[in-house]
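Dear colleague,

Please find below the structure that I am handing over to you. My findings follow directly after it.

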Amino acid sequence: MLSLKRDKKEEEEGGGNPFNNLEKSSVLQEARTFNETPINPRKCGHILTKVLYIINQGESIGTTEATEAFFAMTKLFQSKDPILRRLVYLGIKEMSKIAQDVIIVTSSLMKDMTGKEDQFRGPAIRALCSVTDHSMLQSIERYMKQAIVDKVPGVSSAALVSALHLGKGSQEVIKRWVNEAQEAVNSDNVMVQFHALGLLYYIRKTDKLAVNKLVSKFSKHTLKSPYAYCLLIRIASKLIEEEDAGSDSPMFDFIESCLRHKSEMVIYEAAHAIVQLKNTTAKDLAPAVSVLQLFCSSPKPTLRFAAVRTLNKVAIKHPAAVTACNLDLENLITDVNRSIATLAITTLLKTGNESSVDRLMKQISSFMSEISDEFKIVVVQAIRSLCAKFPRKHNVLMTFLAQMLRDEGGFDYKKEIVDCIIVTIEENPEAKEAGLAHLCEFIEDCEHTVLATKILHLLGKEGPRTPTPSKYIRFIYNRVILENAAVRAAAVSAIAKFGAHCEDLLESCIVLLERCQLDTDDEVRDRATFYVNVLKQQQKALSSAFILNGLQVSVVGLERALHQYTLEPNEAEFDMKSVPLATQPLAEQKVRDVPGEAPSARPAQDKVAASRQDVYQEQLAQVPELANLGTLFKSSQPMEVTESETEYYIQCVKHTFSNYIVFQFDCTNTLNDQLLEKVTVEMEPAEGFEVTKYIACQSLPYNKPGTTYTLVRLPAEPTQVTGTFACTLKFLVKDCDPQTGEPDDEGYDDEYVLEDVEVTVADHVQRVMKPNFAASWEEVGPENELEDTYSLSTMSTIEEAIKNIVQYMGLQPCERSDKVPEGKSSHTLYLGGVFRGGHDALVRAKLALDSSGVTMQLTVRSTDPNVSEVLATAVA
Amino acid sequence: MDGGLLEPSLYAIKAIAILDNDGNRLLAKYYDDTFPNTKEQKAFEKNLFNKTHRANAEIIMFEGLTCVYKSNVDLFFYVVGSSMENELILSSVLNAFYDSISQILRKNVEKRALLDNLDAVFLAADELCDGGIILEADSNSIVQKVAIRNDDIPLGEQTMAQVLQSAKDQIKWSLLK
C-alpha cells in the first residue's frame with residue numbers, strides 16, 4: 001500500500017515528463033553523439049528533440065555552445081530518416097540566430113530543396129531562408145522563383161511565405177518575383193492562393209493604382225480560400241479609408257457582397273470591416289448588423305464573442321442601429337463565457353432606454369461576483385455613462401454601486417466606483433444625499449487610505465450644505481478614532497469645515513477638535529490646533545479664507561517663491577500676493593470655453609504639478625530684458641494672428657504682469673527659400689499704452705520656430721485696461737538655396753501685416769475656483785460693491801449668455817453654477833477670480849430669460865474699488 | 001483596442017502554446033516581439049493560464065490580446081493574436097492545431113502521450129504556422145506533412161509501455177465501436 005502511494009506520487013511529480021529535469025550542458029554534451037557513424041536515427045532524433053525542448057523552454061545558449069551543436073547537427077544530413085531530417089531543419093531554424101557560420105548548411109539545404117523528396121522540399125526552403133542573408137539571396141533567387149510556381153502546394157506555400165519573411169530585409173529582390181506570385185494566385189490550393197495574394201499585395205502595396213486593380217480583379221475572380229477573402233476585404237477597406245470614400249465605392253460593394261459568403265470567417269470579416277469604416281450611415285450598417293445578430297445565437301462561443309464585441313463598437317457610434325439586436329443580446333447576458341455576458345450588458349446599457357435599466361441592473365448583479373475586476377471596471381464605466389444619461393435613474397444605480405462597494409474587489413475597482421459616485425453626486429443634486437450616505441458607509445470599512453481621504457474631503461465640502469449636516473459628523477469622527485494618521489488628518493479638516501459652515505454645530509465641532517489636539521501624530525495635532533483657534537475667532541472672513549476655501553496659489557509657484565525668499569533674506573514680510581495663482585486644471589478649461597489646442601497636444605511637462613504658466617514664467621525669465629518684471633500674473637491661450645496656410649505662421653500669447661504686458665509672438669517661417677533676420681512685431685499701441693521695448697528674434701530659418709517679444713507698459717489709470725493693437729511683422733529677408741539652406745550675403749527689409757491683437761478684461765483676471773462661494777462673498781464684503789442691470793438682447797438662451805459672460809470676464813464659474821438645469825427661465829451664476837495686483841474679484845449674475853432676450857443683474861464685489869468698476873463695465 | 005483597421009498582412013498569429021495543467025510550458029512559439037524575453041513570456045503564460053484553466057470559455061481578451069483556447073485532460077492549447085484580429089481566423093488555427101495533435105496522438109490527447117511524441121508535435125507546430133503566417137490550416141494536411149509513421153517502428157524498438165499503450169488503444173476503440 002505504501003509503495004503504491006509512493007508510485008502515484010512520483011508519477012504526479014513530473015515523473016511522467018521525461019524532459020522535466022534536463023540540464024542544458026548535459027543535453028549539449030549528448031549532442032556529440034551526432035558525430036558517431038553509423039547514425040542511429042531514433043537515438044539522434046530523441047536527443048535532437050531534447051535540444052529543441054530546452055531551447056523552447058527559453059534556456060539561453062551561448063554562441064560557442066550553439067555553434068558546436070549546430071555543426072554536430074549538420075552531420076545528421078547523412079541519414080535519410082524523414083523524421084530526423086525534419087527535426088534537423090527545425091534545429092537549424094532555432095539556432096540560425098545564435099550560432100555562427102550557419103551558412104555552411106546552404107548547399108545541403110539547396111540539395112533537399114531541389115531534390116526528389118517532396119516531403120523535404122518545403123521545410124528545406126523555409127530552413128534555407130532562415131539562414132540566408134541579404135547578400136546570399138542572389139544565388140538562391142532562381143530556385144526560389146521555381147519553387148513559387150512548383151506544382152506541389154507545400155513547396156509553393158513555403159517559398160511564398162519565406163519570400164515574405166525575406167521581404168522585410170530586401171524588398172528589391174522579391175519585387176522581381178511578382179510574375180511568379182501572380183501565377184501562384186491561380187493555384188487550386190487554398191493556402192497557396194492565400195500566400196500568393198499576400199505576397200502580391202506586399203510587393204505592390206505602395207502603388208495605390210496597382211492595389212486598386214488587384215482588388216477589383218480578385219473580387220470578381222472567385223477566390224477559393226476564405227483566408228484570401230479576409231485579406232482582400234482588409235485591403236479593400238484600407239483603400240476606402242485612404243480615399244475617404246463612402247458606401248458608393250465599388251470596394252464597398254465588394255465588402256458588402258462578402259456578407260453573403262458561405263464561410264462564417266469571411267462574413268464576420270466583412271461585417272467587422274463595415275463597422276470599422278468611418279463614413280458609414282445607419283443604412284450602410286444595417287446588413288452588417290443583421291449578420292452579427294445571427295451570429296449572436298451561434299453555438300460557438302468564439303463567434304458569439306466576435307459578434308457581441310463588434311456590436312459593442314457599433315453601439316458607441318450608432319446606438320440606434322443595434323436596438324434591433326437587443327433581444328439577442330439579452331439572451332447573452334446569461335452566457336457561460338463571462339466576457340460575452342459583460343460585453344452584451346455594456347452594449348445593452350448603451351442602447352437601452354430608461355425603462356430597461358432596472359431589469360438590466362438586476363441581471364448584472366446576479367453575476368457580478370463571478371467576473372474579473374477588469375470586466376467589473378467596464379461595467380462600472382458603463383454605469384457611469386448611464387448615470388449621466390438617465391439622471392432620474394440615480395436611485396437604482398446608486399443602490400447598485402453601493403452593493404458593489406460592499407463586495408470584494410481590488411483598489412482600481414473600488415476607486416472606479418468611488419469616482420463614479422462622486423461624479424454622479426456632483427452632476428445630480430438629487431443623488432447627493434443617497435450618494436454621501438453610501439460613501440459614509442464605505443469609509444467605515446475601507447482599507448485604502450487614498451480613497452478614505454478623498455471621501456472625507458468630499459464630505460467636508462458637500463456635507464455642511466445638506467439639510468442635516470450633523471449626521472455626517474459621527475462617521476467622520478469615527479475615522480479620527482480608528483484610522484491611520486493620514487485619514488485622521490483628513491477627518492480633522494472635514495470636521496473643521498462643518499464647524500465653519502454651520503453655526504449651530506460650531507460648539508460641538510470645537511469640542512471634537514480639541515480632543516484631536518491630544519493625537520499622537522504631529523500633522524493631526526497641528527491641524528486640530530489651527531482649526532480650533534480659527535473657529536474660536538468666530539469671524540466669517542477668517543473661516544472662509546482659512547478653512548472653507550483654502551490656498552489659491554500654485555504649489556510649484558509657492559515653493560519657488562519661498563525658496564527665493566529664503567535665499568535673499570529680507571526685512572519685508574513674505575507677500576502671498578507675489579506667488580502665481582493656481583490655474584484651473586487644463587482639462588477643465590477644455591470643457592468650458594477655451595478654443596485652441598487640446599491639452600493632450602502639448603508636450604508632456606516634466607513636472608506634473610508645473611502648470612503651463614509656470615513653464616512660461618521660466619521661459620520669460622531667461623530673456624534678460626524681461627527678467628525684472630515681477631511675477632507673471634496670467635498667460636493667455638495662444639491665438640493665431642495669421643492664417644495657418646500663409647508664408648509666415650505666427651501665434652501670439654499675452655503675458656500679464658502687474659504693470660506690463662508682454663506679447664510673445666511664436667513665428668514659423670514656411671518659405672524654404674528665405675531666411676529671416678532681426679524679426680520683430682511692431683505694435684501701434686492703443687491710447688494710454690506705451691511700447692517700451694522690442695526684443696527681436698535674431699534669425700528665423702525655414703521651419704524652425706522662433707520667438708520675438710514686445711513689451712508694453714500698462715496705462716497709469718487703473719480703470720483703463722482694454723485696447724486694440726495693430727501689428728506689423730518687420731524683418732530682413734535673405735534669399736537662400738532651398739536645398740542647402742545657404743543664404744545670400746545681401747538682404748532687404750520687408751514687412752508683413754498681421755491681424756490686430758486685443759487686450760481684454762479677461763487678460764487681467766485669473767480664474768480661481770471658490771469651493772464655497774457664499775463664504776467668500778461674505779469675506780470680501782459689500783464695501784466695493786457695484787450693481788447694474790443689463791439687457792442682453794443678442795442672447796437667446798441662458799446657456800449662451802453664461803458662456804459669453806464667462807469668456808468676457810475671464811472668471812471661474814463656482815459651485816457648478818455654469819450648468820443650467822433644463823427648462824429653467826432664471827438662473828444665478830457665481831464667478832470667482834483674482835484681478836491683476838492680487839485683488840479678489842467676485843461676480844454674481846442673476847439671469848432671467850424673457851421674450852426680448854436675457855436680462856442680467858450683475859453684482860460685483862472686490863477688495864479694490866477700481867476692479868469692481870472694470871468688471872462691471874466689462875460686459876457693457 | 002479601439003484602434004483603426006488592421007494593416008492587411010499575412011502575419012496573423014502572435015503566439016501558440018501548449019501548457020500542462022499546472023500552467024507550465026510544454027511548447028510555446030512567439031512570432032513577434034510583444035513579449036521580448038522568456039521571463040515576460042512565461043509570466044504571460046502563467047497569467048493566461050490562471051485566467052483560463054477554470055472557465056472553459058474558449059475565448060478571452062487578455063492583456064490587450066485575443067486568446068482562443070481549448071483544453072483536454074491535462075493539456076491546454078492556446079492561439080494568441082492581436083485584439084483587432086478576426087477571432088474566427090484564430091479559432092480556425094486553434095482547431096487545426098488541436099485536431100492535428102489529436103490525430104498524431106491517436107485521439108489520446110494528454111500530457112504523457114504528448115511528451116512521448118514531442119518530436120512530431122514540434123513538427124506539427126512548425127507546419128501550422130511559420131513566423132506568424134498561417135502555413136496550413138487543415139489538420140489532415142498537417143498530419144500528412146508531418147508524416148510520422150508510428151506503425152513502421154519495429155516491435156523490438158518499441159518500449160513496453162508503448163506496446164501496452166497501443167494495445168490498450170486498440171481495445172478501447174474496438175469497444176467504442
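In this predicted model, B:Y98 counts as buried because its relative accessibility is 13%, which falls under the 20% limit. Its ring forms an edge-to-face pair with B:F77, at 5.1 Å centre to centre and with 75° between the planes. The two residues are 21 apart: B:F77 belongs to strand 5 (residues 75–82) of chain B, and B:Y98 to helix 2 (residues 87–104) of chain B. B:F77 is likewise buried, with a relative accessible area of 0%. Also in chain B, ring pairs join B:Y30, B:F35, B:F44 and B:F62 in a cluster.

Over all chains, 18 aromatic pairs were found. Among them is the tilted pair of A:F194 and A:Y227, with centres 5.4 Å apart and planes at 40°. This pair connects helix 12 (residues 190–204) of chain A, which holds A:F194, to helix 14 of chain A, which holds A:Y227, across 33 residues. Both partners are buried, A:F194 at 5% relative accessibility and A:Y227 at 7%.

A:F194 is also in contact with A:S225, as are A:V190 and A:Q193. A:S225 is located in the loop between helix 13 (208–220) and helix 14 (226–243) of chain A, and is buried at 0% relative accessible area. A polar atom of the A:S225 side chain lies 3.0 Å from the backbone nitrogen of A:A228.

Finally, two arginines of chain A deserve mention. A:R142 lies over the face of A:Y143, 4.7 Å from the ring centre. The charged end of A:R474 is placed over the ring of A:F475, at 4.6 Å from its centre.

Yours sincerely

Terms used: Residues are numbered from 1 along each chain as its sequence is written. Chains are lettered from A and ligands numbered from 1 in the order in which they are written. This is a predicted model: local features need pLDDT of at least 70, side-chain atom pairs count only at pLDDT 80 or more; totals for chains, interfaces and linings use all residues. Side-chain values use heavy atoms; hydrogens and water are left out. Helices (H or I, at least four residues) and strands (E, at least two) are DSSP runs, numbered from the N terminus. Buried means under 20% relative accessible area, exposed over 50%, partly exposed in between (1.4 Å probe, protein chains only). A polar contact is a pair of N or O atoms within 3.5 Å; within protein, one must be able to donate a hydrogen and the other to accept it, and residues adjacent in sequence count only if both atoms are side-chain atoms. Contact means heavy atoms within 4.5 Å. Rings of Phe, Tyr and Trp (its six-membered ring) pair if their centres lie within 6.5 Å; planes under 30 degrees apart count as stacked, over 60 as edge-to-face and the rest as tilted. A charge sits over a ring if NZ of Lys or CZ of Arg is within 6 Å of the ring centre and within 35 degrees of the ring normal. Lists of a residue's contacts leave out its neighbours within four places in sequence.
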